[in-house]
Amino acid sequence: MAFTSVEGLLRAAGQVPLWQAIRDDDCRDRGVAAEESWGHMAKLWSAMQESVEQYDPALRSTSALVGGEGGKVSGGTASLCGPFLREVIATALKTGECNACMKRIVAAPTAGASGVLPAVLLPLQTRDGLSDELMTQALYVAAGFGQVIASRASIAGAEGGCQAEVGSASGMAAAALVHVMGGTPFQMTHACAMALSNTLGLVCDPVAGLVEVPCVKRNVMGAVNALSCAEMALAGVTSAIPCDEVIDAMRAVGDAMPASLRETGMGGLAATPTGRRIAEQVLGG
């Protein structure tokens, strides 16, 4: 039976490693062998790698609102954040731009939030020389937490605002990072809870109704948030509110959001004078 609570994830992790418990649940749910489940997840990891490896800074989205910015960050000379964090930012931008330019990405959990997980995992793999096997395990961890979020709240911007997309991705990525760094399932739950808490109430306000502005750059925020929350959890910092309760609060906040702030392109940045002007230009009045 699919996981519907983080407490359920913790109980499952008492028997086998958490990633394995999530893989086994996938096998039962889809009626497949462990090798088939693993192969599917490994393909998703390969697709994440390819989306960045094949990035073309010359490409622009049809609206011309997105493109080339990942290349600017990756190839620039400023060093405010240092090389690792700089590459995290660049990878989030590159993946988001690939989505806007209709290239292949992995919806994790959605296309609009597709840059968060690769942004934290790919640069970490490069920096530390980590195996694809470990990164595939991390995707299982992310999927398990994402499954709970989808069950108890939502991963759709039209239902819960961007907290349901980039926020969910950030929580999933924070838990995955803790796994990669050798943390415990208990620490994973707190990393996810803190990441979700930090994005609670984040609205979905796409300019011209496109998954471009502010969506692509918002993936950067989700990735950096995941890093900071994983770092805190690994150091022993905990969330005062249990993860399941944070997810339930996320659902309540999403339900309370007006329709204008849930992917309709009618509120927030989309409703600013410049946002409306861009919409008129892109959509032809």
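Helices (H or I, at least four residues) and strands (E, at least two) are DSSP runs, numbered from the N terminus. The model is predicted: local features need pLDDT of at least 70, side-chain atom pairs count only at pLDDT 80 or more, and totals for chains, interfaces and linings use all residues. Residues are numbered from 1 along each chain as its sequence is written, and side-chain values use heavy atoms, without hydrogens or water.

**View 1. Ala195 in helix 10.** Helix 10 (residues 185–198) holds Ala195. Ala195 is buried, at 0% relative accessible area (buried is under 20%, exposed over 50%, partly exposed in between; 1.4 Å probe, protein chains only). Beyond residues up to four places away in sequence, Ala195 touches Ser170, Gly171, Ala174, Asn225 and Cys229 (contact: heavy atoms within 4.5 Å).

**View 2. Helix 6 against helix 7.** The axes of helix 6 (residues 116–128) and helix 7 (residues 132–152) come within 11 Å and cross at roughly 155 degrees. Axes are lines fitted to C-alpha atoms, for helices over the stretch in contact, with angles from 0 to 180 degrees between N-to-C directions. The two helices, helix 6 and helix 7, are therefore roughly antiparallel (over 145 degrees; under 35 is roughly parallel, 65 to 115 roughly perpendicular, the rest oblique). Helix 6 contributes Leu117, Leu121 and Gln125 to the contact, and helix 7 contributes Asp132, Met135, Ala138, Leu139 and Ala142.

**View 3. Leu117 and the nonpolar core.** The largest nonpolar core has 73 residues, and Leu117 is among those with the most contacts inside it. Such a core joins buried Ala, Val, Leu, Ile, Met, Phe, Trp, Tyr and Cys residues through side-chain atoms within 4.5 Å. Leu117 touches Met48, Ala108, Leu139, Ala142, Met172, Ala173 and Ala176, leaving aside residues up to four places away in sequence.
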